[in-house]
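This report covers how the parts of a predicted model meet one another.

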Amino acid sequence: MARELWKGNEALAEAAIRAGVDAFFGYPITPQTELLEYMARRMPELGRTFLQAESEIGAINMVYGAACTGARAMTSSSSPGISLMQEGLSYIAGSEVPCVVVDIMRGGPGLGNIQPGQADYFQLTRSAGHGDFHALVLAPATVQEAVDLMSISFDLAFQYRTIVIVAGDGALGQMMEPVTLPPMQPPVTTRPAWALTGVDGRTPNIITSLYLEADDLARVNLRLQAKLQAIAAAEQRWECYQTDDAELLVVAFGTVARIARSAVRAMRATGIRVGLFRPISLWPYPAAALEQLVGQVKGVLVAEMNAGQMVEDVRAIVQGRVPVRFLGRTGGVIPLPDEITDELVHIARVNGNR
Amino acid sequence: MTTMVLERETSPAAWEIVYQRPAALTDLPTHYCPGCSHGAIHRMVAEVIDELGIRERTIGVAPVGCAVFAYKYFNLDSCEAAHGRAPAMATGIKRVLPDRIVFTYQGDGDLASIGGNEILHTALRGEHITVIFVNNAVYGMTGGQMAPTTLSGMKTTSSPTGRNPLTQGYPIHIPELLAPMPGVAYAVRRSMHAVAEVRKVKKAIRLAFQAQIQGLGFSIVEILGACPTNWHVAPSDALDYIRDRMIPEYPVGDFKVDERLGD
């Protein structure tokens, strides 16, 4: 396999195509627009469906419709667009149809800006819409990992009949890196038994998220929750870097984790044993793996491009056993390795004085 | 002759069936109020689907509103859209299954208010779908609030002194709005207020599906329906209300009929 230089957004698009995406519906928004543009060119070449919707609301509901037919359907957007898609995502979750969504996060709240951000963490992991549900959220740190995660996202979505969100940030979407793309998967021609295809020779398939009777909806929700628990048990993903002998731990995801990696190396050069824990699945959070590390370290630093979101998950796992310090940068400001090492030095000094 | 008649009366197998439930309808009783037009419109949609022989390849998209359970009443593959989003959902279905017949069934709050953007752009794109649009001038399911289709001066629970167009806007005319769009093959308005008109409704529904089958573009039938419950009138008076109040604002007629459309 040749290594080629690819822009993050375009690599995500090509990876989705190679994973067999049948239909893409999207709406332009910086910093993900190149993904849409790439799809606009490539999907028709392959005889597949590309449609630029009238809005993100239109796009996600087109995804919903296409997904109801058992097609591999996806959309991509950035933070404000994901807010508009929340209605559709909730219906998709309630109806249990599979789809894939890419969120190339930018600064918020509001129109914010088009710089990289991680402030959609709550939005994506807690519940990407009203009602009780979680999407499976995967957060790549490199363009290669974005390709790799996109390659498995449709299989995961169909395996669990769930929403898979690939969550990057503006830096990942815009940067170019060498990647190895997977081979083109043959198109999936069979449709699942639940799909809407016309009743030809069978009883009707109905796809709905409406259950008026309390007992009915409660039963559906229990089933949904059982499914989410199965996902939570089976789909935790993470990476540990230099954690075997670590006394201090940095927890970071996506772009920030790459910067934290540099900080870990710099700290190790000064003799302080620091490791990096990088969640790849943001939901389900890789709690068991982090839990294992908490016992061996004296302090934890959480670094994010937001005002403190994932840190809540980390604190819930650490439960006060060791200090958890937070370094947050917002508005598109990307933390520098030095800022992370400064925080680590501070934690090391406090620990030393204790 | 007398003998033959007796045989017909005593041998059910030989009886001529003159009326029965269409195959495209389930045998569930509907939840609609007495005098509501939805039941009859459902039946006509189902009859047309049967007559065109397309039941096995038709996919329905139900709205939010009184017809929210349309998917239970149509004996078809169907799904339930978010409020107003049925045209977008139908777009997604039709784009990946272009050889299927896809229709939405929507009320006026759903289609003309919250779903205004979706219906506008679906028509602009000339999506090959059929829209059955029932206009009864109010939000029925939520208890009779003002809709974009509410008549000027009409009292509703959210326009208790009557809709004042100067502050609450004017009634919206959907087929007239969509008809000039090049992608629209069929855009008409019909009414449920009299038997002769009901027959025209069915003919229009048939032509709307025919337009899709022929691949001519987007098709929509607006049907003026009765809502005795929220109009606070008797069912028979509700039909007069359509004739005397609705039709002056919403004239029945053809606003776009593709010349290639053949019955």
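The centres of domain 1 and domain 2 of chain A, taken over C-alpha atoms, are separated by 29 Å. In the domain assignment, domain 1 of chain A covers residues 3-234, and domain 2 of chain A covers residues 238-353. Contact between them involves 25 residues of domain 1 of chain A and 22 residues of domain 2 of chain A. On the domain 1 side, two or more residues each come from α5 (121-126), β6 (136-138), β7 (163-169), α7 (170-174) and α8 (214-234) of chain A. The largest share of that side, 4 residues, is supplied by α5(A).

Chain A also touches chain B, through 34 residues of chain A and 29 residues of chain B. On the chain B side, at least two residues each are supplied by β1 (58-62), β2 (77-80), α4 (86-96) and α6 (116-124) of chain B. With 8 residues, α4(B) gives the largest share of the side of chain B that touches chain A.

The table lists the residue classes of two contact sides.

| Contact side | Nonpolar | Polar | Charged |
|---|---|---|---|
| Domain 1 of chain A, touching domain 2 of chain A | 16 nonpolar residues | 8 polar residues | 1 charged residue |
| Chain B, touching chain A | 13 nonpolar residues | 7 polar residues | 9 charged residues |

Strand pairing also links the two chains: β9 (residues 206-207) of chain A pairs with β2(B) in the parallel sense, over 2 bridges. Within β2(B), Cys79(B) is the bridge partner of Ile207(A).

Key
Residues are numbered from 1 along each chain as its sequence is written. Chains are lettered from A and ligands numbered from 1 in the order in which they are written. This is a predicted model: local features need pLDDT of at least 70, side-chain atom pairs count only at pLDDT 80 or more; totals for chains, interfaces and linings use all residues. Two residues are in contact if their C-beta atoms, placed from the backbone, lie within 7 Å. Ala, Val, Leu, Ile, Met, Phe, Trp, Tyr, Cys and Pro count as nonpolar, Asp, Glu, Lys and Arg as charged, and the others, Gly among them, as polar. Two strands pair if DSSP finds at least two bridges between them. Domain bounds come from an automatic or database domain assignment.
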